[in-house]
Amino acid sequence: MKTQEITLNINGEAVTLQVEPEMPLLWVLRDELNMTGTKFGCGVAACGACSVMLNGNVIRSCSYPVGATVDQEIKTIEGLAEDGERTAVQQAWIDHQVPQCGYCQSGMIMAVEAMLDRTPEPTDDDIDRTITNICRCGTYQRIRDAVHDAAEKRLNEQQQTT
């Protein structure tokens, strides 16, 4: 395959590199840019460990060609905490001790952030239907509790700023 120069917008920064446009975004993030927060899980877009946001939508980066992300906004787990301040979701993950092995958590957090952007007050059914990431440790009840807590914190923060 032939490489070409492409410029990506990752976490608000323009990054230019020489890669094959068909290369999965995950490998560009991890191998070319050394951004190892996004994990490789199943490799077939089923488990969600590799989830990142593209224009605010969750995608599975293990099966998404990097060439399809040019001129779009990519957000990874490294880009969530602005000025070192955790998001409500990240803090809820800590407060509810969600991670066990932790491997799937960056993808799970990205999926939850995207869901709460669209559904600020999710029901249990919303969470079950939207968050299809797989956690082999089985912390689903903690995840659900953390999502509700993060949603409440986000709403409180929005009310304080208006």
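How many bridges join strand β3 to β4? Select residues 51-54 for β3: 4 bridges join this strand to β4, and the two run antiparallel. Strands here are DSSP runs (E, at least two residues) and helices are DSSP runs (H or I, at least four), numbered from the N terminus; two strands pair if DSSP finds at least two bridges between them. The model is predicted, so local features need pLDDT of at least 70 and side-chain atom pairs count only at pLDDT 80 or more, while totals for chains, interfaces and linings use all residues. Residues are numbered from 1 along each chain as its sequence is written, and side-chain values use heavy atoms, leaving out hydrogens and water.

Within this pair, Leu 54 stands opposite Asn 57 in β4. Next, display the whole open sheet: its 5 strands have the order β2-β1-β5-β3-β4, with mixed pairing. The edge strands are β2 and β4 (57-60), each pairing on one side only.

Move to β1 (residues 4-10) and β2 (residues 13-19), which run antiparallel and are joined by 7 bridges. They form a hairpin with 2 residues between them, and Asn 11 in the turn has a positive phi of about 50°. Asn 9 has Ala 14 in β2 as its bridge partner.

Finally, select Trp 93, Leu 116 and Val 147, which touch the most other members of the largest nonpolar core, a set of 25 residues. Such a core joins buried Ala, Val, Leu, Ile, Met, Phe, Trp, Tyr and Cys residues through side-chain atoms within 4.5 Å; buried means under 20% relative accessible area (1.4 Å probe, protein chains only). Helix α3 supplies the largest share of this core, 8 residues.

Key
Buried means under 20% relative accessible area, exposed over 50%, partly exposed in between (1.4 Å probe, protein chains only).
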